[in-house]
Amino acid sequence: MDKLRITGGRPLEGTVRISGAKNAALPVMAATLLASGVHRLRNVPKLRDTQTFIRVLETLGAQVSREGDALTIDTRGVNTFEAPYELVKTMRASIYVLAPLLARLGAARVSLPGGCAWGPRPVNLHLAGLQAMGAKLEIEHGYIVGRDIRLRGATFGFDVVSVGATVQLMMAAVLAEGATVLENVALEPDVTALGDVLIACGARIEGLGTRRLVIQGVNALRPVDAAIIPDRIEAATFAAATAMTAGKVRLEGVTADHFEAPLRKLEEAGCTILRESDAVSVSAPRRPKAVDVVTQPFPGVPTDMQAQMIAVSAVAAGTSVIEDTIYVDRFTHVPELARLGADIELKGNVAVVKGVERLSGAPVMATDLRASASLVMAALAAEGETVIDRIYHLDRGYEALEVKLAGLGARVERLA
Ligand code: EPZ
């Protein structure tokens, strides 16, 4: 199992190009099932998760080829509606094929996603929304099963703001009979980007960017040629790593609005941030100041930056209080950061972080995608050598991370 060896103590300096967004690419790849034909998606990051989604599409009968960061997805041959447990268990987002299969083929057999590194991640809103649209769904042998389904428009309000359930119901509604009204939808840029792609395929969606969507079903959609938006979480991770190492970094190929909340927190911590049309420059002080963070759905600070903000706080001057309101038990990185010398007290879904002058390198274990990013950041700031085990978690969501970090002067290498 691959590991990363990092020798810390150097500021990150230079320019880095940010990849396409994992969390925008996955729903758009699922949406290609809605329109029979040849689709072209550009700026698709090379990640374990996009590779897994390619396998899900191929399992359903699609043909997928890659040229650099572009995918060609031919969905004319889609002829089966089963997404197997073997694939879904490795990546929850595989559930995104459920609505497109029901909409296109009138049937689906999709494995229920299993557990996750941290706490329960139910899909009850996905199922309740589809049932409100007339889908009779059964749970059989761990699979969500629907047969002879004709989706029809409905009004559905989300009790909780959910990215995944919003995406699912948008894809169900675009080919449904009649109009669908979705209330209290997620506003994440990934959701709006999916809406833009669906409209480019011929869908009729009003209210994108607001909490209320009105979707008029159409008879058919056409294939699309689209570019995936930049990865705001990758960009915010690099910005936070710069803050932790007293660095000076320019992030290229980004949209500042997509990660404005974390940028504001880093400014509060003492960073100077220059926002340009497609770039952001971060210049950090010798030591960041402590800042408090409460994670929220977009446009708030995303839960996917909670671990990274805890890492910044671990070396900050003062005490920070970091609360995760989205995933109350997403703290598997805390004991590992403590191994590097961080002083963190956990009280339920709140971490109280007393900043220390210096962290020291040690062997640590990655537990999930963003937790592993926080360990990489802490290792970059720590004195001496850190070896991070199980970095397959990182490969799920960060493209060529060690290459990009080395390009910014970091001493980092992958150990097979
Ligand atoms: C998406 O997950 C992201 N994944 C996650 O990023 C991210 O942490 C999360 O949104 C929140 O921003 C992808 O985009 C592939 P949700 P998702 O449905 O869609 C509750 C990463 O690191 N909920 O918005 O699964 C749920 O328990 C990953 O890249 C229900 O109760 O998250 C949570 O508390 C990790 N019932 C809240 O809603 C449901 O049916 C938000 O979850 C669905 C969700």
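Visitor: How far apart are the closest N and O atoms in the salt bridge that Glu357 forms with Arg287?
Guide: In this predicted model, Glu357 lies in the loop between β21 and β22, while Arg287 lies in the loop between β17 and β18. The pair links distant parts of the chain, 70 residues apart. Even so, their side chains form a salt bridge, and the closest N and O atoms are separated by 3.1 Å.

Visitor: Is Glu357 buried or exposed?
Guide: A residue counts as exposed when its relative accessible area is over 50%. The value for Glu357 is 56%, so this residue is classed as exposed.

Visitor: Which residues do salt bridges with shared partners join into one network?
Guide: A search of the whole structure finds 24 salt bridges. Where such bridges share partners, they join residues into one network, whose members are Asp2, Asp395, Glu402 and Arg414.

Visitor: How many residues apart in sequence are the parts that Lys3 and Asp389 tie together?
Guide: The side chains of Lys3 and Asp389 meet in a salt bridge of 3.2 Å, N to O. Lys3 belongs to strand β1 and Asp389 to strand β23, so the pair ties together parts whose separation in sequence is 386 residues.

Visitor: Which element gives the largest share of the shell around the ligand?
Guide: The elements that give two or more residues to this shell are α1, α5, α6 and α12. The largest share amounts to 3 residues, and the element that provides them is α5.

Visitor: How many residues of the shell around the ligand are charged?
Guide: There are 22 residues around the ligand, and Asn124, Leu125, Ser162, Val163 and Asp304 come nearest. By class, 11 residues of the shell are nonpolar and 6 are polar, while the number of charged residues is 5.

Visitor: Which elements do the buried residues of α9 pack against?
Guide: Helix α9 spans residues 260–268, and its buried residues are Glu260, Ala261, Pro262, Leu263, Lys265 and Leu266. The elements against which they pack are α8, β16, β17, β18 and α10.

Visitor: Which residues is Pro262 in contact with, leaving aside its neighbours within four places in sequence?
Guide: Pro262 has its place in helix α9. A residue is buried when its relative accessible area is under 20%, and the value of 3% therefore makes Pro262 buried. Beyond its neighbours within four places in sequence, the contacts of Pro262 are Ala236, Val301, Pro302 and Met305.

Definitions and conventions: Residues numbered from 1 in each chain as written. Predicted model: local features only at pLDDT ≥ 70, side-chain atom pairs only at ≥ 80, totals over all residues. Heavy atoms only, no water. Buried < 20%, exposed > 50% of the residue type's maximum accessible area, 1.4 Å probe, protein only. Helix = DSSP H or I, 4+ residues; strand = E, 2+ residues; numbered from the N terminus. Contact = heavy atoms within 4.5 Å. Salt bridge = Lys/Arg side-chain N within 4 Å of Asp/Glu carboxyl O. Near = heavy atom within 4 Å. Nonpolar A, V, L, I, M, F, W, Y, C, P; charged D, E, K, R; others polar.
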